[in-house]
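Reader: Before the details, please show me the model. Then take me through how to read its features, one at a time.

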Amino acid sequence: MNRRDQFIQTLNEGQTYKKDFIILGTGILDGEAITEANVKVPLKTMNRHGLIAGATGTGKTKTLQVIAEQLSLKGIPSVLMDLKGDLSGLAQPGEVKDFIISRSEKIGVEYEPMGLPVELMSISDEKGVRLKATVSEFGPVLISQILDLNDTQRGVIALIFQYCDTHHLPLLDLKDLKRVLQFINNEGKEQIKNEFGQVSAASVNTIMRKIIELEQQGADKFFGERSFEVDDFVRTEDGKGVISVIRLTDIQSKPKLFSTFMLSLLSEIYETFPELGDADKPKLCLFIDEAHLVFSNASKDLLEKIEAIIKLIRSKGVGVYFCTQTPTDVPDSVLGQLGLKVQHALRAFTAKDRKAITKTAENYPLSPFYETSEVLTSMGIGEALITALNEKGIPTPLAHTLVRAPITRMDILSPSEIDEVISKSNLIAKYNVNLDRESAFEILNQKMEQVEKEQEKATLPGPKPRTATRTTNDESLLEELSKNTMVRQIGRTIFRELTRGILGSFSRKR
């Protein structure tokens with residue numbers, strides 16, 4: 001058996017599946033695309049997460065686009081974090097070009113351009129369905145982790161949530177949280193002390209500063225109502241999975257907000273979705289472009305929370321896919337959970353780059369057909385090293401792959417096209433409404449206004465007390481006057497004159 005036939009046999013035997021799968025491309029051997037050696041990924045293991053890595057301009061985003069397309073065609077919805085604005089084109093058909101037809105023929109798949117059902121979303125000022133969450137939904141633990149608080153400050157946050165629960169003060173947005181902090185540090189200080197003990201003013205002030213920092217990154221637009229229901233991500237249209245593109249082009253300079261949103265999304269999905277068991281295909285797939293923004297600016301506690309959810313969320317039928325430049329951008333504890341690995345070319349300009357390439361090569365299975373570290377630096381645009389998990393959870397043979405071209409547009413939508421997509425959305429009317437119902441901010445302000453009115457009323461000058469009011473305390477006018485010697489003498493004189501006048505009037509009547 002020659003080398004070519006051996007290559008075909010190795011790939012085909014390592015990718016024999018009983019259930020459905022998607023085709024990502026075809027294997028390359030000695031610079032030639034081998035049509036008979038398709039690279040396939042079984043749907044059954046698509047909930048085992050994945051990584052799409054490679055240097056800038058090597059085709060990572062287009063590979064992400066291809067995977068989302070193929071999932072949609074299989075009826076599997078997905079959520080895409082679009083930080084560069086490259087993914088809105090999924091809503092429009094791709095353009096037929098000679099090089100795309102040629103690539104498709106080499107792979108052995110037919111190129112049928114089409115637009116797919118897309119929902120444009122946003123957590124900021126971008127156009128689309130507004131995604132929001134309330135402070136209460138986060139809870140004291142997640143809020144503390146997002147703000148990177150120490151143990152003492154976490155205790156204050158836990159106290160705030162307990163106090164608000166007890167006194168029916170809804171925590172919906174950040175202004176609610178700030179108002180309660182002001183309350184426990186000022187007018188409510190004694191009440192809090194009596195109920196929970198002394199609260200450090202320094203801790204309260206530190207928490208306030210960190211909330212303001214989060215606000216400056218745009219979190220005030222994310223926290224609030226109406227809260228997004230994650231079941232709205234799991235939709236199909238005409239048998240195709242809806243692709244929810246979350247437009248985050250104005251978030252790259254706000255990593256804290258991005259981490260906050262990602263943690264909120266993962267937590268809500270994990271807590272909401274039921275256990276799926278060993279299903280034939282995933283319920284939902286999430287693609288996180290520029291994934292280093294999630295990890296590089298997150299606190300240790302926040303990282304641990306994200307890592308824990310990623311480990312557990314696959315049992316809900318959810319796959320999470322990270323798109324970044326190097327695998328080292330993703331923590332080792334997360335890398336160990338990944339099933340699908342798509343590695344585009346890396347560039348070696350420095351000694352540090354060469355070390356990173358050597359380390360990256362060690363993360364992939366050995367292949368008798370490639371020297372992995374050499375292939376990593378020699379691949380062209382749209383080529384990648386790919387390995388997945390078969391239906392038994394065993395890694396498939398490593399394949400230098402010619403990745404198929406996207407069937408949707410490889411460019412962004414125009415403003416008018418974006419408006420058209422949004423106009424067809426069924427979720428805009430549900431979520432793009434301004435709600436600001438009565439919550440902790442308004443309730444505490446009303447209470448303080450009432451207290452101030454009562455205090456003002458109490459300080460207003462009123463009529464002097466009448467003598468009769470003192471007799472109710474068994475203290476007569478004469479007894480009160482008798483407290484002073486001079487007054488006592490004057491009182492006796494007045495009493496004598498009154499007595500005489502009364503007796504004189506009686507004697508005259510006689």
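**Reading a helix pair**

Author: Helix 10 (residues 255-272) and helix 12 (residues 300-313) pack with their axes 10 Å apart and at an angle of about 35 degrees. The model is predicted: local features need pLDDT of at least 70, side-chain atom pairs count only at pLDDT 80 or more, and totals for chains, interfaces and linings use all residues. Residues are numbered from 1 along each chain as its sequence is written, and side-chain values use heavy atoms, with hydrogens and water left out.

Reader: What do the angle and the distance describe?

Author: Two packed helices are described by the angle between their axes and the distance between the axes. Axes are lines fitted to C-alpha atoms, for helices over the stretch in contact, and angles run from 0 to 180 degrees between N-to-C directions. Helices (H or I, at least four residues) and strands (E, at least two) are DSSP runs, numbered from the N terminus.

Reader: Is the crossing of helix 10 and helix 12 left-handed or right-handed?

Author: Helix 10 passes helix 12 in a left-handed crossing. A crossing is left-handed if the near helix is turned anticlockwise from the far one by less than a right angle, and right-handed if clockwise.

Reader: Which residues of helix 10 and helix 12 meet?

Author: Contact means heavy atoms within 4.5 Å. From helix 10 come Ser 259, Leu 263, Leu 266, Ser 267, Ile 269 and Tyr 270; they meet Leu 302, Lys 305, Ile 306, Ile 309, Leu 312 and Ile 313 of helix 12. The residues of this contact divide into 9 nonpolar, 2 polar and 1 charged. Here Ala, Val, Leu, Ile, Met, Phe, Trp, Tyr, Cys and Pro count as nonpolar, Asp, Glu, Lys and Arg as charged, and the others, Gly among them, as polar.

Reader: Which residues of helix 8 are buried?

Author: An α-helix has 3.6 residues a turn, so residues three or four places apart point the same way. Helix 8 (residues 201-216) has 16 residues and spans 23 Å, close to the 22 Å expected. Its buried residues are Ser 203, Val 204, Thr 206, Ile 207, Met 208, Ile 211, Leu 214 and Glu 215. They pack against helix 4 (135-147), helix 5 (151-166), helix 6 (174-185), helix 9 (219-222) and helix 10.

Reader: What is found at the start of helix 8, and what follows the helix?

Author: At the start, a side-chain oxygen of Ser 200 comes to within 3.3 Å of the backbone nitrogen of Ala 202. A polar contact is a pair of N or O atoms within 3.5 Å; within protein, one must be able to donate a hydrogen and the other to accept it, and residues adjacent in sequence count only if both atoms are side-chain atoms. After helix 8 comes Gly 218, with a positive phi near 100 degrees.

Reader: Which side chain does Thr 206 join in a polar contact?

Author: The side chains of Thr 206 and Arg 209 are joined by a polar contact of 3.2 Å. Thr 206 has a relative accessible area of 18% and is therefore buried. Its C-alpha is separated by 8.9 Å from that of Leu 149, 57 residues apart along the chain.

**Reading the backbone**

Reader: Where is a cis peptide bond?

Author: The bond from Glu 225 to Arg 226 is cis, with omega near 10 degrees. Arg 226 is in the loop between helix 9 and strand 7 (236-237).

Terms used. The expected span of a helix is 1.5 Å times one less than its number of residues. Buried means under 20% relative accessible area, exposed over 50%, partly exposed in between (1.4 Å probe, protein chains only).
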